[in-house]
Amino acid sequence: MGRGVTATTPLERNSPKRSAPKSVAAGIPAVISTAKHGIRNMGVISSIFKLGKLNKFDGFDCPGCAWPDPDGHRTFAEFCENGAKAVSDEATRKRADPEFWSRWTVSELSEKSDHWMNGQGRLTHPMILRPDNQRYVPIDWDDAFELIAQELSSLTDPNQAIFYTSGRTSNEAAFLWQLLARRFGTNNLPDCSNMCHESSGVALSESIGIGKGTVKLDDFTSSDLILVVGQNPGTNHPRMLTSLRDAKKAGASIISINPIKEAGMGRFKHPQNPLDLLGRGTRIADEHISVNINGDFALFRGFAKVILDSQQDLPAFVSEHTHGFDDYRDAVMGTSWNEVVHTSGVDREIIERIGEVIARSECMISCWAMGLTQHRNAVATIQEIANVSLLGGHIGRSGAGLCPVRGHSNVQGDRTVGINHKPTMSFLDSLSKVTGIESPIIEGVDVVEAVHRMRDGDSTVFLSMGGNFLSAMSDTNATASALTNCSLTVQISTKPNRSHLVTGKTALILPCLGRTELDLTVSGNQFVTVENSMGIVHSSIGTAKPASPQLMSEPSIVSGIGLALDTKCGQSPIDWTHLVDDYDRIRALIEQTIPGFDDYNARCRNEGGFYLPNAARDMVFNTHTGKANFIVHPITSIQTEPDHFVMMTIRSHDQYNTTIYGLDDRYRGINKGRRVVLVNELDMEANGWKEFDLVNITSHYGGAEISSRGWYVIPYAIPMGNVATYFPEANVLVPLDSVAEGSNTPTSKSIDVTITTN
Ligand SMILES: Nc1nc2c(c(=O)[nH]1)N[C@H]1C(S)=C(S)[C@@H](COP(=O)(O)OP(=O)(O)OC[C@H]3O[C@@H](n4cnc5c(=O)[nH]c(N)nc54)[C@H](O)[C@@H]3O)O[C@H]1N2
Ligand SMILES: Nc1nc2c(c(=O)[nH]1)N[C@H]1C(S)=C(S)[C@@H](COP(=O)(O)OP(=O)(O)OC[C@H]3O[C@@H](n4cnc5c(=O)[nH]c(N)nc54)[C@H](O)[C@@H]3O)O[C@H]1N2
Ligand SMILES: [Mo]
């Protein structure tokens, strides 16, 4: 690798420790853990102040996840342990300043762990790594913008540039970012949702005519059955546990479908409710179904068999609002129980019992996250869940619906405002009309295609609005060779990460304000807007003093690049400075370009914001048939050789994607280490492995192999033949071309592996 930099994370010298997995989520330990993080990072006073502003109407949106806040009312502060960690991580007093960057070469830094890197604190100055240099040095903002414009203008084809986006970016910054890319002439706008909920978007657009979920938060308390499939809310969406608890109290049954029993689906104690903290907590899941990794399609097909068997007449919803029922019924009836049971790994008796519960449900909500989206057949699996929901008419009805639970706090909003490598013609036309630019019409690349293009030398400038592309992407070494092949890589970031080390010949770090910080322009402190998982757009305003006077806001960085580009490539019709002086002007452009944002500036100032239109919720299905579609696929799942394992890569409790807060996974009882592989005890016995044995893992795809050494074996209650590792460490093992059909999402949850000892 150029500059002697290692792309993958270093091995861990000491073996991890183990304690019993937890069955209760949140409660006192979570409060203590929150306090610890808050206090350690920013002091008691500022910690209380900051959390007081978190997710309040006049505060900032929690950067932790995209779970919505209650409509109309909020508790003292709607926050959770992991939201608090995200906030205090941004508010750290430590600084990765020019002195820090002068102390280390990038190659030395690449030997450090991600936990250590993040612990160095906030970035403070724009920095440059010049060709053949080993250390970053400071650069003036104007010089940085000039250099980017110079590189971009020297490209012979605009598609040689790539504009990546991570989902923490606000609507305003994201709109400007796509405007910059399209003004330059490319739709190369890959984003983190390509690795995340792309499969949900593709699947639901075909099934119900909108690539988003259909439920509102209130639906949870009027639902009688909630399925939580392939999701770990206790860690990744802790505030969802409050909604599940309330749903439970209002009479809903909750079923968890997951290869492992996650703590949050056991019992839950609300961290801000003193009575809850003293008691045993509320039991969340009534039933846990331990499905094989990637066995969900078969499981839901089994449910469909039971439902169809129990239905006397065709429900009115099916005849009035759907298309394709007869073909679907034939496919379901033609599926054998043997195939269902064998592929799902779930007993027929259980499928029949739960199938009956689903058949009887009047209003069912199905929630899912990465456990469904990151498989080869992810789109088909999500469409099968949609099929099962259509059978019972669980759409457009109070208490029912489809609920893909988004990850990054504004990943859904970024898409809505135009971060899309495959934009519709109507969006492009509208953008041209409103802004005066000539929108490019050639389809852009997603993350996987972007790696291919850079690796092949077809794209040579990579600009990143947030995120950590190197570590988040699959096939770390392939991604590294793509990035190092570039002439320029630019990272707009808040904290140091590995994408600052594995870079193009020239690399820039442009440090920006975080969501918690004051964003002052000539027109005063600006707020931004974000869209949560349920399609509510609302405001977020920072109040904290910026980590460094040198920081610029994301919109002003885009404007800086835009202005420099105008100087180099000829004037564009966009008045960048005017736009970023007052974000109302950016919102006015969004309103004119994108349907659903009427009175944007007024409505985003309302307490709680406003809902974007959602046709499917109103029983209008904008599909090619004009109805909700049953879509038929044959049952599939990952096939492996008998001595192979299927590996899923998951998040621990102490991380936010590639940002590692600590080395403990408290709920799963794994401490002081992350290079672990969770294995069923019977598989350990059969292979002669003992707890903490060091093993090597090799992934297999299309005849090629990738090996990674130094993983500690941990016995865990996971189906036989299945294993789990943490992301991003295990990303090196996810083959670049192993992707979901239809969405091209890396199959981070189904990797064919073998495990060996030295
Ligand atoms: N604290 C914290 N919060 C976060 C994040 C974070 O890293 N930390 N990340 C944010 C982001 S971007 C996202 S996308 C979300 C991610 O939220 P999740 O999707 O909950 O995250 P993962 O850890 O990837 O968990 C996937 C879950 O799916 C299960 N699973 C894996 N394979 C299968 C399968 O084949 N079938 C079924 N039924 N289950 C399966 C795993 O056991 C695990 O419980 O969280 C967001 N919130
Ligand atoms: N194997 C495997 N791989 C996965 C996944 C998996 O489950 N398994 N999950 C995938 C998923 S769901 C996702 S969403 C992606 C995540 O991919 P990304 O979104 O690219 O990665 P993050 O780790 O969230 O990005 C962290 C960095 O963002 C920067 N940052 C934080 N806050 C801000 C801000 O306010 N502004 C700016 N400009 N920068 C900021 C910081 O510098 C930090 O280092 O990873 C994917 N990769
Ligand atoms: Mo995500």
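Predicted model: local features only at pLDDT ≥ 70, side-chain atom pairs only at ≥ 80, totals over all residues.

Reader: What covers the buried residues of α9?
Author: The cover includes β14 (364-368), α19, α20 (378-391), β15 (401-404), α21 and β24 (628-629). Cover here rests on contact, meaning heavy atoms within 4.5 Å. Helices (H or I, at least four residues) and strands (E, at least two) are DSSP runs, numbered from the N terminus.

Reader: Which ones are they?
Author: They are E198, S199, S200, G201, V202, A203, L204, S207 and I208.

Reader: And what comes just after α9?
Author: G209, with a positive phi of about 85 degrees.

Reader: What does H421 touch?
Author: Leaving out residues up to four places away in sequence, H421 touches N187, L189, N194, E198, R415, E443, G444, V445 and D446. E198 is also one of the buried residues of α9.

Reader: Where is H421, and is it buried or exposed?
Author: H421 sits in the loop between α21 (411-416) and α22 (425-435). H421 counts as buried because its relative accessible area is 4%.

Reader: New topic: ligands. Which residues are closest to ligand 1?
Author: N258, E262, N294, D296 and N657 are the closest of the 33 residues around ligand 1. A residue is near a molecule if one of its heavy atoms lies within 4 Å of it.

Reader: What polar atoms does the protein bring to ligand 1?
Author: A polar side-chain atom of R651 lies 2.8 Å from an oxygen atom of ligand 1. A backbone N or O atom of N232 is also 2.8 Å from a ligand 1 oxygen. A polar backbone atom of G230 is 3.3 Å from an oxygen atom of ligand 1. Taken alone, ligand 1 exposes 930 Å², and the protein buries 99% of that. Those areas come from the Shrake-Rupley method with a 1.4 Å probe.

Reader: How does the shell around ligand 1 divide?
Author: Into 13 nonpolar, 16 polar and 4 charged residues. Ala, Val, Leu, Ile, Met, Phe, Trp, Tyr, Cys and Pro count as nonpolar, Asp, Glu, Lys and Arg as charged, and the others, Gly among them, as polar.

Reader: You named N294. What is its phi?
Author: Phi of N294 is near 65 degrees, a positive value in a residue other than glycine. N294 lies in the loop between β12 (287-289) and α14 (296-310). With a relative accessible area of 3%, N294 is buried.

Reader: Now ligand 2. How many residues surround it?
Author: 30 residues surround ligand 2, and the closest are Y164, S166, E554, T658 and N731. Its shell divides into 10 nonpolar, 15 polar and 5 charged residues.

Reader: Which atom of N731 faces ligand 2, and at what distance?
Author: An N or O atom in the side chain of N731 is 2.5 Å from a nitrogen atom of ligand 2. A polar side-chain atom of T649 lies 2.9 Å from a ligand 2 nitrogen. An oxygen atom of ligand 2 is 2.9 Å from a polar backbone atom of K495. The protein buries 96% of the 930 Å² that ligand 2 exposes when taken alone.

Reader: Last one: what does the side chain of Q134 reach?
Author: The backbone oxygen of R3, at 2.9 Å. That is a polar contact: a pair of N or O atoms within 3.5 Å; within protein, one must be able to donate a hydrogen and the other to accept it, and residues adjacent in sequence count only if both atoms are side-chain atoms. Q134 lies in the loop between β5 (127-129) and β6 (137-138). Q134 counts as partly exposed because its relative accessibility is 28%.

Conventions
Residues numbered from 1 in each chain as written. Chains lettered and ligands numbered in written order. Heavy atoms only, no water. Buried < 20%, exposed > 50% of the residue type's maximum accessible area, 1.4 Å probe, protein only.
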